[in-house]
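Visitor: Could you take me through how this one is put together? I would like to ask as we go.
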Amino acid sequence: MAVITAAMVGQLRAKTDAPMMECKKALTEANGDMQKAEDILRVKLGNKASKASSRIAAEGVIAIHVAGNTAAIAEVNCETDFVTKNDDFIALANSCAKLVAENNPADVAALSALPLNGKTVEQERTDLVGRIGENMSIRRFVRHQSDAKIATYLHGSRIGVIVEYDGPDEQVGKDVAMHIAAMKPAALSAEQVDAELIERERTIAKQKAEEDSAKAVAEGKKAQSADIIARRIEGSVQKFLKEVSLLNQPFVKNDKQSVGQMLKEKNTTIKSYTLYVVGEGLEKKSDDFAAEVAAQMAAAKA
């Protein structure tokens, strides 16, 4: 049996807004598995415990660079919000996005090996760690290049969007980019939603339906039939797909129509998009990076 610490309970509460005792019970039942505990809370508390995607713990910035029909988006992480205001740190992130657009590196390692200011990107990062005294890392990037039009949107430095689209009105592309930043769809269409996400939602819906049926029996009511439970599960999955697919979401500037309906009205087609939220899928490390920083400074001196 895993030891459930106060820190684990606090982390789950920060992700879900669920009561402390419910978080502790869920972690105990899940034997310390954070995602499983989150799913258990979803079954017990419904959508009240589904806020994980909006609770981002890691710090950093998103940078975008556009040159003609090529655009690149990059995320560079750090430890504290204070460093995200540092001009040199921001310059590093912007340089990474520009280098991705210009050189199309295969991965972060290839990007890190590119020349920057008479050094490599990795040397520049290492030197910056030594000067600032805080760890930082280049996490990810995406490059878009096509014959389609490109729209971008940066919400501060924490959310970035690139949209490839075909259509006569450039404002539509900008509006869609802003919608994506606000509503954070998981995929362009319901058919493109990741199968693992769908299966997870189906499992949660099944557990919830079965738990409700068992509760009804315990209260002396008639148990729901297998057909009714199956329809409830499928209804929950379809609702989920509508909520997380861009074309099916209510358009933020006019919620009387979906994004898909608005695009059809404007004779516009979305070909692809990229959405980055700082720290998405990460948890802020509680480690003390002093040893690593000292090692980086020693390396820089050597």
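Visitor: How do the axes of helix 1 and helix 2 cross?
Guide: This is a predicted model. In it, the axes of helix 1 (residues 6–16) and helix 2 (residues 20–29) come within 9 Å and cross at roughly 115 degrees. The two helices are therefore roughly perpendicular to each other.

Visitor: Is that crossing left-handed or right-handed?
Guide: The crossing of helix 1 and helix 2 is right-handed.

Visitor: Which residues meet there?
Guide: Helix 1 contributes M8, V9, L12, R13 and T16, and these meet M20, C23, K24, A26 and L27 of helix 2. By class, the residues of this contact divide into 7 nonpolar, 1 polar and 2 charged.

Visitor: Turning to the strands, in what order do the 3 strands of the open sheet lie?
Guide: The order is 1-2-5, with antiparallel pairing. Strand 1 (59–67) and strand 5 (136–145) are at the edges with a single partner strand each, so one side of each has no neighbour in the sheet. On average, neighbouring strands of this sheet are turned by 15 degrees against each other, direction ignored.

Visitor: And what packs on the sheet?
Guide: Helix 4 (residues 87–103) does, touching strand 1, strand 2 and strand 5. The direction of helix 4 makes about 145 degrees with that of strand 2.

Visitor: Over how many bridges do strand 2 and strand 5 pair?
Guide: Strand 2 (residues 70–78) pairs with strand 5 over 9 bridges, in the antiparallel sense. As one example of a bridge, A72 has R143 in strand 5 as its partner.

Visitor: Back to helix 4 for a moment. How do the axes of helix 4 and helix 6 cross?
Guide: The axes of helix 4 and helix 6 (residues 121–132) come within 11 Å and cross at roughly 170 degrees. That makes helix 4 roughly antiparallel to helix 6. Helix 4 passes helix 6 in a left-handed crossing.

Visitor: Which residues meet in that pair?
Guide: On the helix 4 side they are D88, F89, L92, C96 and L99, while helix 6 supplies V121, E124, R125, L128 and R131. The contact of helix 4 with helix 6 has 6 nonpolar and 4 charged residues, and no polar ones.

Visitor: On charges, how many salt bridges does a search of the whole structure find?
Guide: The search finds 20 salt bridges.

Visitor: What does the pair of R200 and D39 tie together?
Guide: R200 lies in helix 8 (residues 195–218) and D39 in helix 3 (residues 34–45), so the pair ties together parts that are 161 residues apart in sequence.

Visitor: Now the hairpins. How many bridges join strand 6 to strand 7?
Guide: Strand 6 (residues 149–155) and strand 7 (residues 159–166) run antiparallel and are joined by 7 bridges. Within this pairing, A151 stands opposite V163 in strand 7.

Visitor: Which residue takes a positive phi in that hairpin?
Guide: G156 does, with a phi near 65 degrees, in a hairpin that has 3 residues between the strands.

Visitor: And through how many residues does a hairpin join strand 8 to strand 9?
Guide: The hairpin joins strand 8 to strand 9 through 2 residues. Strand 8 (residues 250–251) and strand 9 (residues 254–258) run antiparallel, with 2 bridges joining them. P250 stands opposite S258 in strand 9.

Conventions:
Residues are numbered from 1 along each chain as its sequence is written. This is a predicted model: local features need pLDDT of at least 70, side-chain atom pairs count only at pLDDT 80 or more; totals for chains, interfaces and linings use all residues. Side-chain values use heavy atoms; hydrogens and water are left out. Two strands pair if DSSP finds at least two bridges between them. Helices (H or I, at least four residues) and strands (E, at least two) are DSSP runs, numbered from the N terminus. Axes are lines fitted to C-alpha atoms, for helices over the stretch in contact, and angles run from 0 to 180 degrees between N-to-C directions. Contact means heavy atoms within 4.5 Å. Angles under 35 degrees count as roughly parallel, over 145 as roughly antiparallel, 65 to 115 as roughly perpendicular and the rest as oblique. A crossing is left-handed if the near helix is turned anticlockwise from the far one by less than a right angle, and right-handed if clockwise. Ala, Val, Leu, Ile, Met, Phe, Trp, Tyr, Cys and Pro count as nonpolar, Asp, Glu, Lys and Arg as charged, and the others, Gly among them, as polar. A salt bridge is a side-chain nitrogen of Lys or Arg within 4 Å of a carboxyl oxygen of Asp or Glu.
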